[in-house]
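Have the sequence and the 3D view open as you read.

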Amino acid sequence: MVHIEQIEHNHIDDHIDDEIIKCLDLENPQSFFLFAGAGSGKTRSLVTALEKIRETSYQQLRLKGQRVAIITYTNAACEEIGRRLDYDPLFSVSTIHTFVWELIKGFNKDISEWLYANLTHQITDLEEKQRNGRPTSRAFVVRQKNIEAKQKRINNLKKIKQFTYNPNGINQGKESLNHSEVISIGAYFLSKPLMQKILIKKFPILLVDESQDTNKELLNALFEVERKNNGTFSLGLFGDTMQRIYSDGKEDLGINLPENWKRPVKKMNHRCPKRIVKLINRIRSAVDDQEQRPRTDKEEGHVHFFILPSTADRIKTEELVAQRMAQITEDEKWIDVDYMTLILEHHMAATRLGFSELFQPLHKIDKLKTGLLEGSLPELNFFTEIILPIFNAHKVGNKFAIASIARKYSRLLRIQRNERDQLLQIKNVQDAINQLLSLWNEDNDPLCIDVLQCVARLNLFEIPDSLYSFVKEEKREQNVTEDGDNDRGNELINAWDECLKAPFSQINEYASYITGTSNFMTHQGVKGLEFPRVMVIIDDHSAGGFLFSYEKLFGAKDKTKADAENENVNKDTTIDRTRRLFYVTCSRAEKSLAIVAYSEKPEEVKKHVLKEGWFEESEVEIIS
């Protein structure tokens, strides 16, 4: 009897799949928001629903030339869902940028008109700042160059017959759109009846995975499409607001949904052991009343919270913690370093991996943050996808790879009518690349600005528009001052100025981190992943910045006036953001979890986490 009850308990969410499948009935489509917490089997439910659509509606969809669209957050997630569906062409599985581009490409006249209006607005804004700025300030000079670059782009619009975009690579050339433009254009187009008709005719069902991190501008547009096409279009959102990572996500997702929307909730956590489910439920309890249940056949599991002074030696400390976890859990794999170390904040990774000079100036700017963390900023992609591969190929003597990159990106290579001119161009490119590579002679590590200006001087590759103002600038004109013009535009200029002062070697470290080949992962990199043994590192001193504060979350530092003001108007606070990071990372562990917190006030932290009921007395250890 007990065994039967346990089996039933583990399957309490099975009816959720049936609810979702019912919403996707083509004769009576309904929209829904599925709450699916950590380890709840969200992807399995998504695939199950899609398989049912294939079973019941395949012919109907194919006869009408229709497909089911699934938007996921990463290429890896696209691949996983596509594989589970046998790469069936009935399903369009793509990232948000790919989906939107497929929707808007070909509308070249409309794209041109949007760009003209958008660029004109930006120029007007810059000109207003110029009128209030100081002509002798550096910001004034850079803004003027930005105005010229944007005006040049406007002048080129008339010459462009077809716009291009690559969601997974560099977008350069006058006909290219950048990532943020594609999303903004898509959201704007979806406000028009024609694009709405095109969308629902192609995709009567649209499912959005990780919807809490989907760009709010686009998500609001999709809500409007659904409202105006209720009864003929199903919008399905899968997500968990507690796992929202990016600042451009929709904060109030799941709140004030239309009355006719379904709101299924998954209660199970199939990933974590019982002790860890209890921990993440307690962490979450201050935010909402969503509470998960562990599987009855899961082991109890282990959680241990280590607190150390902020002056402690990080490497030695974390080796000691691994040894203690091996004793506590009786699991020798902790000693074998068979565990995943998770860092709660990107600044920590930047500091430990050695690319903080490149990273930190850009991370302070809200409009750059998402692209920086996704690895999609065209300015940095210029270095990571063109210059870095050339440098790496040169180190191993791979001339073929260098030639291939040059053919793909160099503006010096243009098809010539006669062979002699073509050979001359090839020689010019080879000479230019040799001059560029000479920056690294004698083991030099040139600054990014030196690399950028060298490329511009040689006219070797197209420079991203936003960096155009830096390439012709002399070190400092005596009549241009450093200070003045403290506005947001100046903050952006200063951020790129500081970033470009970083040594080029930091580009390599940044690239390895973003692509997941480094030894550290953050909440961005681990969402949807799971590991038997997890060590979470909490270190405000290494993290830097003001968006997150673990000392506040753990009671070692008081709330600020801004925190209190944000709380009063229901806005995101430092503690809210930090709690979400903590929740996501702790919920990755399948067996045992070690949390290592470096603090200015270890005793205060211990007192607070025990008061919150997160840990038992025996699970908290101060190492002095």
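## A glycine to start with

Where is Gly41 found? It sits in the loop between S1 and helix H3 (42-63); helices (H or I, at least four residues) and strands (E, at least two) are DSSP runs, numbered from the N terminus. Before going further: this is a predicted model, where local features need pLDDT of at least 70 and side-chain atom pairs count only at pLDDT 80 or more, while totals for chains, interfaces and linings use all residues. Residues are numbered from 1 along each chain as its sequence is written, and side-chain values use heavy atoms, with hydrogens and water left out.

## The listed binding site

UniProt, in an unreviewed entry, lists Ala36, Gly37, Ala38, Gly39, Ser40, Gly41, Lys42 and Thr43 under "binding site". Those positions follow the numbering used here, feature names are shortened, and annotations may be inferred rather than shown by experiment.

(Buried is under 20% relative accessible area, exposed is over 50%, and partly exposed is in between, using a 1.4 Å probe and protein chains only.) Leaving aside neighbours within four places in sequence, Gly41 is in contact (heavy atoms within 4.5 Å) with Lys266 and His270.

Six strands make an open sheet with parallel pairing, in the order S3-S2-S4-S5-S1-S6; two strands pair if DSSP finds at least two bridges between them. Strands S3 (91-95) and S6 (265-266) are at the edges with a single partner strand each, so one side of each has no neighbour in the sheet.

Helix H2 (residues 14-23) packs on this sheet, touching S1 (32-36), S5 (234-239) and S6. The direction of H2 makes about 160 degrees with that of S1; axes are lines fitted to C-alpha atoms, for helices over the stretch in contact, and angles run from 0 to 180 degrees between N-to-C directions.

## Two crossing helices

Further along, helix H16 (residues 378-395) packs against helix H22 (residues 505-514) at about 110 degrees, with axes 10 Å apart. That makes H16 and H22 roughly perpendicular, a label for 65 to 115 degrees (under 35 is roughly parallel, over 145 roughly antiparallel, the rest oblique).

H16 brings Leu380, Phe383, Thr384, Leu388 and Asn392 to the contact, and H22 brings Ile507, Asn508, Tyr510 and Ala511.
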